[in-house]
Amino acid sequence: MAKIDRLNSFKNKLSEKSFYKLDCYFDNYDINKLTSLIYIYVIAGVSAIDLKLDLDSVIKAKETISKALNNSNEFGNSKINSPFLIVSCYSSNIVNMDIDEFSRILISCESKGAEFFELHNDLTDINLIKDKLLIVKEVFTFKPISISISRDKLSNSSIVEQIKYLRANIQKDIIIEVDGSEEENNNEYNATLQSISTADIIQKQLLKKEIAFRKIPILLSGGTNSLTVELAEECNVHFNGITFSDYARNDFEEFLKFHSVDNDFEIKNYIKKIKNLIL
Amino acid sequence: MNKLKGSRFGLYQDLLKSSLFFKLVCGAGNEDVKEVEYLCYVYTLAGCAGFDVSASPEIVSAAKKGISAAFTKARELNISIPFEPIITVSVGMPGDHHVRKAFITEECVSCNLCIPTCPTDAIPKNLKIITELCIGCGNCEAVCPPAANAIKYTHNSKKLLSILPKCVEAGAESIELHAGVPDDESTLKEWEIVSNSVPNGMISMCLDRKHLSNDSLIERIKAAQNIADERLIIQADGIPMSGGTDDFNTTLQAVSIADLINKKLKFKDKKFSNLPILISGGTNSNTGNLARKCGVNFSGITIGTHARKIISKYQTNIPEITNNELQLAVKKARNLIHKNINLLN
């Protein structure tokens with residue numbers, strides 16, 4: 001029953017356009033900084049945490065989330081909900097992985113608290129990982145699968161075809177995370193333009209064209225920053241949520257230059273700032 | 001190319017360098033002589049820098065006639081036109097049946113995915129494409145399984161070879177190839193023909209992302225520059241022929257593709273730092289504003305549907321248009337140009 005409530009809550013967040021995710025898939029990022037970042041975002045009320053498909057990462061994140069929920073009162077945020085825990089991986093990283101090994105990792109992550117799965121698809125032929133995706137569907141029963149997609153290797157037509165393939169052959173219930181694939185992320189309109197325009201093209205060429213795809217939630221990611229919502233609204237591009245990644249990390253690094261995570265007053269002010277970003 | 005400094009070629013390059021190039025697209029398939037004449041007449045008076053017309057000597061002549069009439073009228077209305085606009089002819093647009101026809105090779109695996117994607121029902125169940133119906137849009141190729149790769153094209157290069165010199169003779173100074181198709185090899189063959197047709201003129205390749213990923217788009221531009229060198233212009237096409245509504249949403253894809261080319265090529269590779277980018281495909285009165293807001297550099301803006309629409313109600317034969325109607329049309333056209341290339345106070 002609790003799992004069903006969680007799933008409903010997850011879907012409500014998306015339909016209410018209030019889904020904000022912290023993507024923690026950073027290579028070689030200091031683990032203490034990462035847990036501090038998660039801690040702050042959980043207290044600020046982030047909807048979901050996205051982690052690398054890795055058991056240790058899930059365990060560490062769960063511990064941090066528990067700690068943040070316990071301490072949230074001290075920061076005046078008593079009504080926060082536990083964020084959804086998503087594990088993700090790149091298609092190219094699993095395409096040659098042994099299927100039993102992949103299955104074992106998924107099951108162990110799920111047993112320790114991972115609730116959803118996201119695929120960062122960097123292959124032009126998604127059929128190559130069909131068997132893996134069917135395992136995902138089995139492990140995360142009744143859960144939507146999120147696919148993160150960019151235009152780097154795919155044309156507009158190919159993106160539409162991949163989404164159709166996924167829905168027809170793997171899982172009807174999907175979420176599309178559009179990746180603007182930005183290399184630099186300054187807090188400017190420019191950084192968030194590719195993400196918004198990719199969401200726009202998926203809406204125009206699929207969601208608005210075919211009834212079966214009309215309600216697929218769209219998350220904006222890759223280059224997202226504090227100006228994303230404003231630009232998307234000005235451009236009349238619909239979205240259900242936003243994923244913050246490099247912007248969150250870079251902004252946190254800026255904070256760390258002059259402040260300390262051990263100072264509750266400074267943390268409190270920073271949490272206020274993050275609340276403005278994600279709520 | 002220094003010897004061409006001060007020439008029309010130099011003028012074109014200067015306009016692009018200063019981001020002041022505004023081009024009216026009369027329509028690659030627009031064979032209406034009277035409309036083209038009228039559009040060129042009004043937009044020349046409004047200060048338009050260039051016109052994009054169908055690859056037909058008659059249409060080029062109509063454009064020249066409209067421009068010439070504008071110069072005569074300008075004296076009467078005391079309007080200063082700084083230079084004669086540059087005429088570009090458009091060829092090779094996806095869907096242009098004069099340029100290419102698809103056929104299915106023996107590698108076909110009979111998956112039949114191509115049949116429903118054909119907009120003209122040119123692919124029957126026996127998978128022998130009906131040449132007369134094929135418009136060369138490339139939809140069949142886009143769905144053809146990569147392992148089969150069974151869609152190839154035949155190219156009517158003889159047609160291009162014969163028509164382009166006539167267009168140049170009639171007054172065309174530049175040629176544009178619409179090349180947003182997946183097939184690199186055939187596109188570059190057409191590009192060679194275009195390049196050879198105006199050896200001393202700027203040539204433009206118009207690209208969109210319908211069938212091209214970001215990576216393929218950049219590779220296509222690199223290949224195009226190998227042939228055209230500093231004569232190359234890239235027309236970054238958002239969603240071709242989509243400029244119906246005058247808002248940010250309609251022009252978003254056009255600004256976005258220009259941004260992508262800037263970031264993935266112009267800012268990264270010195271060889272391309274001066275590559276002129278024209279924004280097109282869904283352009284309207286908001287294009288320049290959105291590009292500036294998002295920090296997207298461009299050399300010019302080309303507008304078709306929206307630009308034609310805003311003056312269509314005044315359209316009549318040139319001698320019959322009243323001064324009052326003409327001035328209203330010119331004012332609308334001028335506002336559109338100035339708003340886009342930021343000449344408004």
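Trainee: What distance separates the centres of domain 1 of chain B and domain 2 of chain B?

Mentor: Keep in mind that this model is predicted. Chain B splits into domain 1, residues 2-96 + 158-340, and domain 2, residues 100-155. Taken over C-alpha atoms, the centres of the two domains lie apart by 31 Å.

Trainee: OK, on to where the chains meet. Which helix gives the most to the side of chain A that touches chain B?

Mentor: The contact takes 21 residues from chain A and 22 residues from chain B. On the chain A side, two helices each supply at least two residues: H7 (156-169) and H8 (189-207). With 7 residues, the one that gives the most is H8(A).

Trainee: And how many residues on that side of chain A are charged?

Mentor: Let's sort the chain A residues that touch chain B by class. There are 6 nonpolar and 7 polar ones, and the charged ones number 8.

Trainee: Back inside chain B, is the crossing of H2(B) and H3(B) left-handed or right-handed?

Mentor: First, find helix H2 (residues 33-45) and helix H3 (residues 57-77) of chain B: their axes come within 7 Å and cross at roughly 35 degrees. As for its hand, the crossing of H2(B) and H3(B) is right-handed.

Trainee: How many nonpolar residues are in the contact of H2(B) with H3(B)?

Mentor: Look at who takes part: H2(B) brings residues including Val36(B), Leu39(B) and Cys40(B), while those from H3(B) include Ile59(B), Ala63(B) and Ala70(B). Charged residues join in too, among them Glu37(B) and Lys65(B). By class, the contact has 4 charged and 2 polar residues, and the nonpolar count is 14.

Terms used: Residues are numbered from 1 along each chain as its sequence is written. Chains are lettered from A and ligands numbered from 1 in the order in which they are written. This is a predicted model: local features need pLDDT of at least 70, side-chain atom pairs count only at pLDDT 80 or more; totals for chains, interfaces and linings use all residues. Domain bounds come from an automatic or database domain assignment. Two residues are in contact if their C-beta atoms, placed from the backbone, lie within 7 Å. Helices (H or I, at least four residues) and strands (E, at least two) are DSSP runs, numbered from the N terminus. Axes are lines fitted to C-alpha atoms, for helices over the stretch in contact, and angles run from 0 to 180 degrees between N-to-C directions. A crossing is left-handed if the near helix is turned anticlockwise from the far one by less than a right angle, and right-handed if clockwise.
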